Amino acid sequence: MREKIVVFGSAFVDLMGRTPHLPVPGQTLKGTSFRQGTGGKGFNQAVAANRAGADVTMMTKLGRDSLAQLPLKMMQELHMPTDGVFYHDEIATGCALILVDETSAQNEIVVIPGACDTINDSDIASVVDRICEAKYLLLQLEINQDANEKVARMAKQAGVRVVINTAPYAPMSDEFLRGAYLVTPNEVEAYEMTDIEVCDEESARKAAEVFFAKGVENVVITMGSRGAYIHDGTHGELIEAYRVKAIDTTGAGDAFNGGLLAALAEGKSLFEAARFANAVAALAVQQIGATANAITRAEIDEFLENH
């Protein structure tokens, strides 16, 4: 049985250009290609979870503009409900401006949240029941934080397992973290939140202890090509990443988080779910673009079987 997941967060349109190398300040480069597609950490994670087989409801806010049609169209194609989408009549749908170095696969991203930064009490009130019926609530930090805090508090009181992907890092209250079922920072965000430079298993363990002291139940610290450190409060383990040739690392963390939630919702242990999520991320970096919409559950299962 697959438990219900709600992803409450951002949905943007990605405007992505590929270049021979990333420009330095003041430099104009001739790019090699351009691509427009859906994005936003919340939306990327919801799509990744959906493609991995999860029962996902995406809750976000869009503008009344042409850009809003891209995420809505994809949600319809993936048979994801759209009744959790709010709208702003005057502020545009959010967007992300992405440059990708086609040699190294590294990227630079500017996020303009737009309507996603205006989620209000009325929006939240309209979806209270849907959130409280879910097993897991996945949050990120690309929407207005006061909405995140209210939704997290409400979900915890209802017994929903709150998972916080602390990206992109922004200051947050101790209450926001306290009682969270799981936090999933990368090594940079973990440093911002714990003052511990995460570079290996031992430093990751020390950072995890800081999160436990803040009242978090479980910790997953993603460490790029080194893998992910998992700690459930009793046992900690560094799970190595799969070795693949990366084409575009944009959205790799989102693919990981979506895969992680999909596996947890199927009843996998945190450690099993992290291995599954590593496979989703490995497949995601072998395609162009931030939304892991080309990955199927069959491909994930085949990848795990072969590795």
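**Figure 1. Contacts across the chain in a predicted model.** Among contacts between residues at least 6 apart in sequence, 67% join residues at least 24 apart. Look for the 11 helices and 13 strands of the protein as you trace the chain. For 307 residues, a compact globule would have a radius of gyration near 19 Å, and the 18 Å of this protein agrees with that. Along the principal axes, the C-alpha atoms fill a box of roughly 50 × 45 × 40 Å.

Figure 2. Of the 307 residues, 53% are buried. The accessible surface comes to about 13100 Å², and carbon and sulfur atoms account for 49% of this surface.

**Figure 3. Phe8 meets Phe86.** The structure holds 2 aromatic pairs. Here Phe8 and Phe86 form a tilted pair, with 6.3 Å from centre to centre and 55° between the planes. Phe8 belongs to strand 1 (residues 4-8) and Phe86 to strand 5 (residues 85-88), so the pair ties together parts that are 78 residues apart in sequence. Phe8 counts as buried because its relative accessibility is 0%. Phe86 is buried too, with a relative accessible area of 6%.

Figure 4. Tyr136 sits in strand 8 (residues 136-139), while Tyr181 sits in the loop between helix 6 (174-177) and strand 10 (182-183), 45 residues apart. Tyr136 is buried at 3% relative accessible area, and Tyr181 is buried at 14%.

Conventions
Residues are numbered from 1 along each chain as its sequence is written. This is a predicted model: local features need pLDDT of at least 70, side-chain atom pairs count only at pLDDT 80 or more; totals for chains, interfaces and linings use all residues. Side-chain values use heavy atoms; hydrogens and water are left out. Helices (H or I, at least four residues) and strands (E, at least two) are DSSP runs, numbered from the N terminus. The radius of gyration is taken over C-alpha atoms; the globule rule is 2.2 Å times the number of residues to the power 0.38. Buried means under 20% relative accessible area, exposed over 50%, partly exposed in between (1.4 Å probe, protein chains only). Contact means heavy atoms within 4.5 Å. Accessible areas come from the Shrake-Rupley method with a 1.4 Å probe; for residues, only the protein chains shown count as cover. Rings of Phe, Tyr and Trp (its six-membered ring) pair if their centres lie within 6.5 Å; planes under 30 degrees apart count as stacked, over 60 as edge-to-face and the rest as tilted.
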